[in-house]
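Please examine the sequence and the structure shown below. The report that follows describes the chain as a whole and then turns to selected residues.

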Amino acid sequence: MRLTILGGGGFRVPLVYRALCADPELGVDELVLYDVEPSRLVTMSAVLEHLAEGVDHAPRVDSFPPEREVFVRPPIDVLANFRRKRRE
């Protein structure tokens, strides 16, 4: 099973990963991290790689930086026009 964490560069992610490594019966074999700050993903991937050392059933880790962003934010002027039209 795949588990995706939005805000995957956050400080709680190693706690979640450690729990996944400790209990293979949870069935999570892949952890996907998403964060808008690529440097956080680089750091977190290194931390999780260190935690996975010596754990046979550690979930594989993948990450998605903003250049592979799935959620596209509309330009500010589009939002402003939408709000203006709703009021009319």
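## Report on the predicted chain

The protein chain exposes about 6,600 Å², and carbon and sulfur atoms supply 57% of this area. Accessible areas come from the Shrake-Rupley method with a 1.4 Å probe; for residues, only the protein chains shown count as cover. This is a predicted model, in which local features need pLDDT of at least 70 and side-chain atom pairs count only at pLDDT 80 or more, while totals for chains, interfaces and linings use all residues. Residues are numbered from 1 along each chain as its sequence is written, and side-chain values use heavy atoms, with hydrogens and water left out.

### Overall architecture

The protein chain contains three helices and three strands. Here helices (H or I, at least four residues) and strands (E, at least two) are DSSP runs, numbered from the N terminus. Read from the N terminus on, the elements follow the order β-α-β-α-β-α. Of the 88 residues in the protein chain, 25% count as buried. Buried means under 20% relative accessible area, exposed over 50%, and partly exposed in between (1.4 Å probe, protein chains only).

A contact means heavy atoms within 4.5 Å. Among contacts in the protein chain with a separation of 6 or more, 78% are between residues 24 or more positions apart.

### The pair α1 and α2

Helix α1 (residues 13-22) packs with helix α2 (residues 38-52) at an angle of about 30°, and their axes are 10 Å apart. Axes are lines fitted to C-alpha atoms, for helices over the stretch in contact, and angles run from 0 to 180 degrees between N-to-C directions. The helices α1 and α2 are therefore roughly parallel to each other (angles under 35 degrees count as roughly parallel, over 145 as roughly antiparallel, 65 to 115 as roughly perpendicular and the rest as oblique). In this pair, Val13, Pro14, Tyr17 and Arg18 of α1 meet Met44, Val47, Leu48, Leu51 and Ala52 of α2.

### Selected residues

| Residue | Relative accessibility | Class |
|---|---|---|
| Glu30 | 11% | buried |
| Asp35 | 3% | buried |
| Asp56 | 81% | exposed |
| Phe64 | 24% | partly exposed |

Glu30 belongs to strand β2 (residues 30-34). Not counting residues up to four places away in sequence, Glu30 touches Met1, Arg2, Leu3, Pro59, Arg60 and Asp62. With one of these, Arg60, the side chain of Glu30 forms a side-chain polar contact of 2.6 Å. A polar contact is a pair of N or O atoms within 3.5 Å; within protein, one must be able to donate a hydrogen and the other to accept it, and residues adjacent in sequence count only if both atoms are side-chain atoms.

Asp35 is placed in the loop between β2 and α2. The side chain of Asp35 reaches the backbone nitrogen of Glu37 at 3.0 Å, and it also makes a polar contact of 3.4 Å with the side chain of Arg40.

Phe64 is found in strand β3. Leaving aside neighbours within four places in sequence, Phe64 is in contact with Val32, Leu33, Tyr34, Asp35 and Leu41. The C-alpha atoms of Phe64 and Glu37 are separated by 10.0 Å, although these residues are 27 residues apart along the chain.

Asp56 lies in the loop between α2 and β3 (60-64). The C-alpha atoms of Asp56 and Pro24, 32 residues apart along the chain, are separated by 9.7 Å.
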